Structures are given as C-alpha cells and as structure tokens.
Amino acid sequence: MRWLIFLFIVPVVAASPISIKEYPNASSHAFIFTVDDFSASEPYEQQIAGDIISFLEEEQVPATLFAIPERMSPMDIPASFEVAQHGFSHVNPKTGSVFEYEGLTDQEIKERITQGKAMLESMDYIIVGHRAPGWSLRKDQVGLLKEDYLYDSSMRTSSVDPFEIPAYWPDLTSFICTKSGCSRFIAAVKQEFFSWSLRVWPKGRPVVIVSHYWGWEKALKDEAGVAYLREFFDEVNKEKYWKTTLHAYQEWTAKKQAVTYTFIQDRGKLIISWSECLPGLTYEVEPGLKVESSCKSSCKENTCVIEPVSSEGPSLSVP
Ligand SMILES: [Zn+2]
C-alpha cells in the first residue's frame, strides 16, 4: 500500500505548475505615474498643483508627486497619491544649476537629503521615497538613502537592487509646450512613441512614467496640451495595469517576495498553501486555471483546494 499512498499524495515543490502573477488581480504591469518638481509654496502654485491632482483623479490615475521641500507647503493630497522627496531646493549650492547634487561630497548630499526630508515631514507628509533633482545622484551614492527610505528612483536603468526603482525617460510633458502654445505635431509624435512604449514594455518591469510640474502647468492651459494628456491616459486605461504609487509598489514587492507556497496533489485535487494571504495576488495553475489569494471562504487559512475540472477543460496534473 505504501507505494499507492506515495502515488496519490505527492507534495511537489520542484517543477511547479504554479506561477505567481506579479501584480494584484493578474494585472500585466504595475503602472506608476510620477510628477517631478512638484511645488505648492505660493497660492498660484497650489492652484496648479490642485489642477494636476484633479486631472489625474478624473482619469483615475494615482501618482507619486516628487516635491521640492523648499517649494512645498501643506496641502490636501488624496489618499491614493504619494508625496515623495525631490532633493532639497533643486539648486546646486556651488554652481546654482538644477543638478543639485552634482560635484558635492557624500556628506553634503546627505545633509541636503536629511534636511529636505525633515522639512516635508514637518508638513505631515509621509516620506519613504526619493528622486534626485536633475538625476544628479550617482549609482554609487544611492546607498546614502538606504537607512531612511524604502526606495530611490533616481536611476534610469534597471538594477538588480530592489531599492532602486528605475524611471522611464523621456518625460511625458516636456517639450510639448512653449510660451507660444503647445505643438500638436510634437504631441502627436510623442503620443505615438508612448503608445508604442506601453505596448512593448518588458513583462514584470514596472512602468514608471516621468512628467514635470512645469510641463503640466503649460499643457493644462492649452487645448492641444489637454487633448494630448487625455489621449495618453485613455491609452493607459485600456490596458490591464495595476495603477499605483511607488510607495505602494515597494511595499507590495517586499510582501510578495516573502510569500512562500507549497502544493499537494491529492486524488485529483490540488491543495495550495501559502505562508501569507495577500489579497488579490493571483496564482496561475498551468495550463490556465487561476486562483486568487484571498482570505474569504474559498481559501481558508491561506489554503485553497481546487477540485478537478471536467474532461473538456484543462486538467490538473503533476508534471
Ligand atoms: Zn526635477
């Protein structure tokens, strides 16, 4: 009988027919929209800041707002949005350029970062992320942030270090508009480019789009600019993206990495157990059965039992 039991109850860890979907609800990609140089110190800046948020809310796209501490003030930010840090003043103290950290010592950079974070936190913002003004942080300086932040998004190339979340360049909003108005031609070319980018995005990599506060400022005042932005978000909303912030993405990634799972095939049934129940995390059982991680009745105490399916449908089999 021993061999019979062994045949029917087979715990399988290797060669798993289960794959975990990267993002909640089997979304194809995490989509994170970011706005750099976010400012709200003067009343007219607060007006623009509010308009950007309203526009994004209408499009149902949350955003990570990289705020310049020296140009920020307390304002109501929707709960689905994130305020993150963009340097201290966006001005290099030695050269006066926008490349705030360029040519500074590690200690000088650290001081500016610490001061900026404290300033934003004194306005009651929760700061867990950073992006360097003018991308002026070198790769070997990212470590300066690790103690006090969950992520840095100052690099534009992918990294194996989960602390670094690369941002996609070019910028969605720059060069579309000048003082004389927004160029329909450039907008059309850029729109085409971004649509193509979204279609060919590498699987598993988050889509982190960069835009700038001043680009929004110009675009929102011009019919062509508004049309361009609407078209872009319409494209985004056609896709099955998990639209989120860098903060939420980073927390999700850390949790997902900590989940372990096992499954047992028992007389045609498949029993999956995982160490932690992450709502919305989808487990795909080859060849195509999907199981949602859920703490509801179908999956009690992080365990799911999948009944065998009919002969016409996909069957459960241990490879
Ligand atoms: Zn900037």
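Which elements do the buried residues of H2 pack against? They pack against E3, E4 and helix H5 (213-219). This is a predicted model, in which local features need pLDDT of at least 70, side-chain atom pairs count only at pLDDT 80 or more, and totals for chains, interfaces and linings use all residues. Residues are numbered from 1 along each chain as its sequence is written.

**Terms**
- Helices (H or I, at least four residues) and strands (E, at least two) are DSSP runs, numbered from the N terminus.
- A residue is buried if 20 or more other C-beta atoms lie within 10 Å of its own, exposed if 12 or fewer, and partly exposed in between; C-beta atoms are placed from the backbone.

**Confidence**
- The chain averages a pLDDT (the predictor's confidence in each residue, from 0 to 100) of 83.
- A score of at least 70 is reached by 76% of the residues.
- Residues 1-16 stay under 50.
- Residues 308-319 are also below 50.
- Where pLDDT is low, the predicted coordinates should not be read in detail.

**Helix H2**
- H2 covers residues 43-58.
- Ala49, Ile52, Ile53 and Leu56 are buried in H2.
- Seen down the axis, these buried residues fall within an arc of 95 degrees (taken from the directions from the helix axis to the C-beta atoms), so they line one face of H2.
- The face turned away from the buried side carries exposed residues, including Pro43, Tyr44 and Glu58.
- Just after H2, glutamine 60 has a positive phi of about 55 degrees.

**Nonpolar cores**
- A nonpolar core is a set of buried Ala, Val, Leu, Ile, Met, Phe, Trp, Tyr and Cys residues joined through C-beta atoms within 7 Å.
- The largest one has 48 residues, and Phe31, Ile32, Val35, Leu65 and Ala67 have the most contacts inside it.
- Strand E3 (residues 29-38) gives the most to this core, with 6 residues.
- A second, separate core has 7 residues, among them Ile109 and Val142.
- In soluble globular proteins, nonpolar side chains tend to be buried together.

**Strands**
- E3 and E10 pair (at least two DSSP bridges) in the parallel sense, over 6 bridges.
- Valine 35 has serine 211 as its bridge partner in E10.
- Valine 35 also touches (C-beta atoms, placed from the backbone, within 7 Å) Ile52, Leu65 and Trp216, among others, not counting residues up to four places away in sequence.
- In E10, 5 of the 6 residues are buried.
- Strand E4 (residues 63-67) runs parallel to E5, and 4 bridges join them.
- Alanine 67 stands opposite glutamine 85 in E5.
- From E5 (residues 82-85), Glu82 and Ala84 point one way and Val83 and Gln85 the other way; all are buried.

**Helix H6**
- H6 (residues 223-238) reaches 23 Å from its first C-alpha to its last, close to the expected 22 Å.
- Gly225, Tyr228, Leu229, Phe232 and Val236 are buried in H6.
- They fall within an arc of 95 degrees seen down the axis, so they line one face of H6.
- Glu223, Asp234 and Lys238 are exposed on the face turned away from the buried side.

**Proline 202**
- Proline 202 is in the loop between helix H4 (184-199) and strand E10 (207-212).
- Proline 202 counts as exposed because it has 8 C-beta neighbours inside 10 Å.
- Proline 202 and histidine 29 are 173 residues apart in sequence, yet 8.9 Å apart in space, C-alpha to C-alpha.

How values were computed: Contact = placed C-beta atoms within 7 Å. Expected span 1.5 Å × (residues − 1).
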